[in-house]
Amino acid sequence: MDSNMMRQMQEMQRRAEEIQKGLEAMEVEGVAGGGLVGVLMNGLSDIKKVRIDSSLMKPGEHQIVEDLVVAASADAKKKLEARRFEDAGLLGNLLKSFSPLGTS
């Protein structure tokens, strides 16, 4: 393996690590119930925070709250997948730049 290819591989690994850190730092919020419930999720699909409006905290409302948390989680995941799709385009362009037949 020549030194140029080795440098390219090291650069690609460095950029992949940056992308991983970016996913950890990325945050999306899914909402449900007109914003009464929110779920904050990072780029790795980890739920970091759940926000529930106090108006929902009434006796007998637990099923509604549970359903809204699930809906907000699904909304966050949908938004996250859209962001990942956008980022995948960037990653694809990055990988093309390291191709032996690259067009950079």
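Predicted model: local features only at pLDDT ≥ 70, side-chain atom pairs only at ≥ 80, totals over all residues.
**Entry: overall layout**

I counted the secondary structure and got two helices and three strands. Following the sequence, I read the order as α-β-β-β-α. I then took the contacts between residues at least 6 apart in sequence, and 49% of these join residues at least 24 apart. The chain exposes about 7,400 Å². Carbon and sulfur atoms account for 58% of that area.

**Entry: strands**

I checked how S2 and S3 run against each other. The two strands pair in the antiparallel sense, over five bridges. I looked up one partner by name: Gly-38 is bridged to Arg-51 in S3. S2 and S3 make a hairpin, and four residues lie between them. In the turn I found Ser-45 with a positive phi of about 70°.

**Entry: Gly-30**

Is Gly-30 buried or exposed? I placed Gly-30 in strand S1, which covers residues 27-32. Its relative accessibility is 0%, so Gly-30 counts as buried. I listed what Gly-30 touches, leaving out residues up to four places away in sequence. The list holds Val-37, Gly-38, Val-39, Ala-72, Asp-75, Ala-76 and Lys-79. I also took one C-alpha distance: Gly-30 and Leu-40 are 10 residues apart along the chain, and their C-alpha atoms are 6.5 Å apart.

**Entry: nonpolar cores**

Which residues make up the largest nonpolar core? I found seven: Ala-32, Val-37, Val-39, Leu-56, Val-65, Leu-68 and Ala-72. Strand S2 (37-42) and helix H2 (62-97) are the elements that give two or more residues to this core. H2 gives the most, with three residues. Apart from this core I found another, of six residues, including Leu-23, Val-28, Met-41 and Leu-80.

I went back to Val-65, a member of the largest core. Not counting residues up to four places away in sequence, Val-65 touches Ile-52 and Leu-56.

**Entry: surface patch**

I located Met-57 in the loop between strand S3 (47-52) and H2. Met-57 has a relative accessible area of 57% and is therefore exposed, the cut-off for exposed being over 50%.

**Entry: salt bridges**

How many salt bridges does a search of the whole structure find? I got five, and I wrote up three of them in turn.

Arg-15 and Glu-11 join their side chains in a salt bridge, 2.8 Å from N to O. I placed both residues in helix H1 (residues 3-25), four residues apart, or about one turn of the helix. Arg-15 is partly exposed, with a relative accessible area of 31%. Glu-11 is partly exposed too, at 23%.

Glu-18 and Arg-14 form a salt bridge at 2.1 Å, N to O. They sit four residues apart in helix H1, so about one helical turn separates them. I read 44% relative accessibility for Glu-18, which counts as partly exposed. For Arg-14 I read 36%, again partly exposed.

Asp-75 forms a salt bridge with Lys-79, with the closest N and O atoms 3.2 Å apart. Why are Asp-75 and Lys-79 separated by about one helical turn? Because they are four residues apart in helix H2. Is Asp-75 buried or exposed? At 19% relative accessibility, Asp-75 counts as buried, because the cut-off for buried is under 20%. Lys-79, at 36%, counts as partly exposed.

I then traced shared partners among the salt bridges. Glu-11, Arg-14, Arg-15 and Glu-18 are joined into one network this way. I cross-checked Asp-75 and Lys-79 against the Gly-30 entry, and both residues are among those that Gly-30 touches.

Key. Residues numbered from 1 in each chain as written. Heavy atoms only, no water. Core = buried A, V, L, I, M, F, W, Y, C linked by side-chain atoms within 4.5 Å. Buried < 20%, exposed > 50% of the residue type's maximum accessible area, 1.4 Å probe, protein only. Contact = heavy atoms within 4.5 Å. Salt bridge = Lys/Arg side-chain N within 4 Å of Asp/Glu carboxyl O. Pairing = 2+ DSSP bridges. Areas by Shrake-Rupley, 256 points an atom, 1.4 Å probe, with all protein chains shown as cover.
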